[in-house]
Amino acid sequence: KSFDALDADSDAWTKGDSAKIYNLLEGSYTFSGLPNMAPVDKTSFKMFLVSFRSKIEDLGGPPAVSSDFMVLKNSILRELGDYVVESGNWEVRNFGRGVYMTAARNGKIQWKEITMKPWNEEKETSNSDENKGLHS
């Protein structure tokens with residue numbers, strides 16, 4: 001159930017479909033990690049995503065009505081107790097990129113947290129000190 005919820009959530013985020021995402025969310029859901037922004041709860045989520053997509057379009061990103069919104073890649077799924085957690089990389093053209101982590105339990109998305117780097121900053125290179133692991 002939780003693996004299916006994460007698959008559906010990822011699919012809905014790639015399309016930017018707030019209604020589909022919303023239907024997967026647990027009542028206590030939070031979305032966090034955008035710079036200078038408080039966490040978004042389930043009640044505020046639909047309006048947040050509509051506004052967010054409009055701002056991204058204004059910055060030259062995908063049109064708010066487009067179903068081609070976000071690219072997710074390098075995903076890892078792990079069971080942790082009664083949760084299933086997914087993490088990976090996200091990218092929205094002409095807006096930003098970063099890492100995301102999403103947790104599901106009992107078939108509902110509990111939370112999503114992201115890191116973000118603006119689109120116009122250089123892509124990280126594999127030889128940068130930032131990308132070295134703890135055991136390098």
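Q: How many residues does the largest nonpolar core have, and which have the most contacts inside it?

A: The general idea is this: in soluble globular proteins, nonpolar side chains tend to be buried together. The model here is predicted. Its largest nonpolar core has 26 residues. Those with the most contacts inside this core are Trp13, Phe31, Phe45, Phe48, Phe52 and Ile109.

Q: Which elements each supply at least two residues of this core?

A: The helices are α1 (2-15), α2 (18-24) and α3 (42-58). The strands are β1 (25-32), β4 (83-92), β5 (96-105) and β6. Helix α3 gives the largest share, five residues.

Q: What is Phe48 in contact with, leaving aside its neighbours within four places in sequence?

A: Phe48 meets Phe31, Leu34, Met37 and Val40. Phe31, like Phe48, is among the core residues with the most contacts.

Q: How is the chain put together as a whole?

A: The chain has three helices and seven strands. Read from the N terminus, the order is α-α-β-β-α-β-β-β-β-β. Of contacts between residues at least 6 apart in sequence, 44% join residues at least 24 apart.

Q: Which residues line the largest cavity?

A: The lining consists of Trp13, Phe31, Leu34, Phe52, Met70, Leu72, Trp90, Tyr100, Lys112 and Ile114. Nine of these lining residues are nonpolar, none is polar and one is charged.

Q: Where is Trp111 placed, and why is Trp111 classed as partly exposed?

A: Trp111 lies in strand β6 (residues 108-114). Trp111 counts as partly exposed because its relative accessible area is 29%, between the cut-offs of 20% for buried and 50% for exposed.

Q: What does Trp111 touch, not counting residues up to four places away in sequence?

A: Trp111 touches Tyr29, Thr30, Met101, Thr102 and Ala103. From C-alpha to C-alpha, Trp111 and Ser28 are 8.2 Å apart in space, while in sequence they are 83 residues apart.

How values were computed: Residues are numbered from 1 along each chain as its sequence is written. This is a predicted model: local features need pLDDT of at least 70, side-chain atom pairs count only at pLDDT 80 or more; totals for chains, interfaces and linings use all residues. Side-chain values use heavy atoms; hydrogens and water are left out. On a 1 Å grid over the protein atoms alone, a cavity is a set of points where a 1.4 Å probe fits but cannot get out, and a pocket is an open set with protein on both sides within 12 Å along at least five of seven lines; lining residues have an atom within 4 Å of a point. Ala, Val, Leu, Ile, Met, Phe, Trp, Tyr, Cys and Pro count as nonpolar, Asp, Glu, Lys and Arg as charged, and the others, Gly among them, as polar. Helices (H or I, at least four residues) and strands (E, at least two) are DSSP runs, numbered from the N terminus. Contact means heavy atoms within 4.5 Å. Buried means under 20% relative accessible area, exposed over 50%, partly exposed in between (1.4 Å probe, protein chains only). A nonpolar core is a set of buried Ala, Val, Leu, Ile, Met, Phe, Trp, Tyr and Cys residues joined through side-chain atoms within 4.5 Å.
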